[in-house]
Amino acid sequence: MPTSGYAGAFPQAWGLPGPTEDGGTGMAAESTAPNGHIRLTSHRGGVGAPPLTWAAPTAAARGPVVGTTTSRAHRNVIGTHSGSYSVYRALAVAAGALSREHRADLTNTAPTDDIGPYPSWHEPGAIVSLDPWGAQVADVFAEHLSAGYDIRPTIAVTKAHVILPEISEAISSGRLRPDGKVLLDGGAALVTKAAVEPVWHLPGVAARFGCSETDLRRVLFEETGGMYPELVTRSDLEVFLPPIGGQTVYLFGSPRDLSDPSVELTARVHDECNGSDVFGSDICTCRPYLTHAIEECIQGAQRGGVGLVAYSRKEGRALGEVTKFLVYNARKRQSGGDSADQYFARTECVAGVQDMRFQELMPDVLHWLGVRRIHRLVSMSNMKYDAITGSGITVDERVNIPDELIPPDARVEIDAKTAAGYFTPGAVPDAVELKKAKGRGLPA
Ligand SMILES: [Zn+2]
C-alpha cells in the first residue's frame, strides 16, 4: 500500500497512465492536478482519516464525514460532496474558476432551527441514507475543523416564505384563512426548509434492499461505468456520497413538534415531477397533489399541529425525464389510445421496470426529524405507506387527492394506480373501465 501522496503503485490496474507520464493517452492530468499526478482514490492516501462509526450514540463517537478532495489522507468516505453537483464543481475546477483548495467559510451558516438529536439517530438501521449530524458539523465537529479537517455540512436548515397561486386561490375561495402566523395576508406561508444531501451507509443500504454489501458495491461500481473504484477496493470505507439528488423538507409550524406524537402531523412525501410541479403539465396529478398537501399542511399547522412536505429528487419515478417523455409518446401512440390498463406496461417496455423510486430509503428523512406518528398522510401510494409504516412510524389516516383536482388527461394515471393498489376511498376501476382510452392523443 502506498502511504503518502498519490496512489501511483497500481495505476495499470485501472488502465491509467503512471504518475509521471501521460502514457500516450492524451489525458490532461497535468493541467488539472497541482503537481501533474492523477489523484487516484482507490488505495489509502495515508493516515489521518477520522474513524467513522455509523449510528454511534453521539457525534463525537460517530465521527465526521470527510469527503474532501484536497486532503486524501483525511478522507473516510467514497465519493464527494454535493451529490450530482460534484460534477459541476469538477467543471469549475477544470475551467479555472474554482480553486480546489477552497474551504467553505461557515460563518453565520448555522441552522435556523435545531433538529434533534433523536433516539432514531443512533438506532441501528433506522437511518442509512443521510447523515443526521449533517446540519451541525460546524458545531459538533468544531475541534476537527480547527485541526484542519475539511468537513462540510450535508444538511442546511433555513427559513422562507412560500407563495403559491393555489394557496392564494384557497384564500380567495375561503378554504384558507390568513392568521398572520402560519399564513400571511398577502398569501405567503411561513416555512422552515431543509436541504438534505444523500450520505449512504453501504451495509445499511444493502440490508434495506435485501442484497449483500459486496453485490451492492460491485453493481454500483459497474453501473456507474467504474466511477468510484473504492467501492470495490476499499471495503474499510463503509460510507458513500452518491452522485444523485437529495431531498428538500418544507415544514409548517414548529419543527420541534414533529417528534411529539401528541401533536397532529400532516405530511406528504413527494417525488419530483418537473413537468407538473413546475411547468403545470396536465398528464399527471403531481402538482395538484403537492399544492393540496401544502394547503392541508397549512390548515394542520393552524389547528395547532405541524405540517411536513418531504420532496425527493427522483424525477420520473427515478427513471429520468428522457425516459418519462419517451413513455408519454409510447402511451399516446399505442393502438387504442392512452388507457389505464396499459399504463404500467408502456413504462416497463421503455425502462425495463415500472418504477425505480424504491421507497425503502425515503423514511430516513422522517427519522432524522424524529417523526414517530403521522396523523394525516397526504398520499395514495401504497409503496410510500408501506415504507413509512414498515420503518416503525404509525399512520392514522390517508388523505387522497380530491377528484376535482385531477386534470382530465391524468385520469389514466390515477385509474391505473388505484387499480394497482393505491389507496382510494372511492371505487376501484374494473377491467372494462381500465381499457377505456382516457388520455389525449398526440396532435396529428
Ligand atoms: Zn407527475
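**The core and the sheet**

Mentor: The largest nonpolar core has 39 residues, and those with the most contacts inside it are Leu308, Leu366, Trp368, Val371, Ile374 and Ile388. A nonpolar core is a set of buried Ala, Val, Leu, Ile, Met, Phe, Trp, Tyr and Cys residues joined through side-chain atoms within 4.5 Å. Buried means under 20% relative accessible area, exposed means over 50%, and partly exposed is in between (1.4 Å probe, protein chains only).

Trainee: Which elements give two or more residues to this core?

Mentor: Strand 2 (155-162), strand 3 (189-196), strand 6 (247-252), strand 7 (265-271), strand 8 (306-312), helix 15 (364-368), strand 9 (373-377) and helix 16 (382-390). Helices (H or I, at least four residues) and strands (E, at least two) are DSSP runs, numbered from the N terminus.

Trainee: Before we go on, what kind of model is it?

Mentor: This is a predicted model: local features need pLDDT of at least 70, side-chain atom pairs count only at pLDDT 80 or more, and totals for chains, interfaces and linings use all residues. Residues are numbered from 1 along each chain as its sequence is written, and side-chain values use heavy atoms, with hydrogens and water left out.

Trainee: How does strand 7 pair with strand 8?

Mentor: In the parallel sense, over seven bridges. Two strands pair if DSSP finds at least two bridges between them. Arg268 stands opposite Val309 in strand 8. Strand 7 also pairs with strand 9 in the parallel sense, over two bridges.

Trainee: Are the faces of strand 7 covered or open?

Mentor: Both are covered. Leu265, Ala267, Val269 and Asp271 are buried on one side, and Thr266, Arg268 and His270 on the other.

Trainee: Pick one of those. What does Ala267 touch?

Mentor: Not counting residues up to four places away in sequence, Ala267 touches Leu308, Ile374, Arg376, Leu377 and Val378. Leu377 is also the bridge partner of Ala267 in strand 9. Ala267 counts as buried because its relative accessibility is 2%.

Trainee: New topic. What coordinates the zinc ion?

Mentor: Cys273 (SG), Cys284 (SG) and Cys286 (SG), at 2.2 to 2.3 Å. Donors are N, O and S atoms within 2.8 Å of the metal (3.2 Å for Na, K and Ca); water is not among the atoms, so sites may look incomplete.

Trainee: How are the donor residues spaced in sequence?

Mentor: The spacing is C-x10-C-x1-C. Cys273 lies in the loop between strand 7 and helix 10 (274-277), and Cys286 in helix 11 (residues 286-302), so the pair ties together parts 13 residues apart in sequence. Cys273 is buried at 3% relative accessibility. Cys286 is buried too, at 16%.

Trainee: Last one: how many aromatic pairs are there?

Mentor: The count comes to eight. Rings of Phe, Tyr and Trp (its six-membered ring) pair if their centres lie within 6.5 Å; planes under 30 degrees apart count as stacked, over 60 as edge-to-face and the rest as tilted. Phe325 and Tyr328 have ring centres 5.9 Å apart and planes at 20°, so that pair is stacked. Both lie in helix 13 (residues 321-333), three residues apart. Phe325 is partly exposed at 43% relative accessibility, whereas Tyr328 is buried at 19%.

Trainee: What about Tyr343 and Phe344?

Mentor: That aromatic pair is edge-to-face, 4.9 Å centre to centre with 80° between the planes.

How values were computed. Contact means heavy atoms within 4.5 Å.
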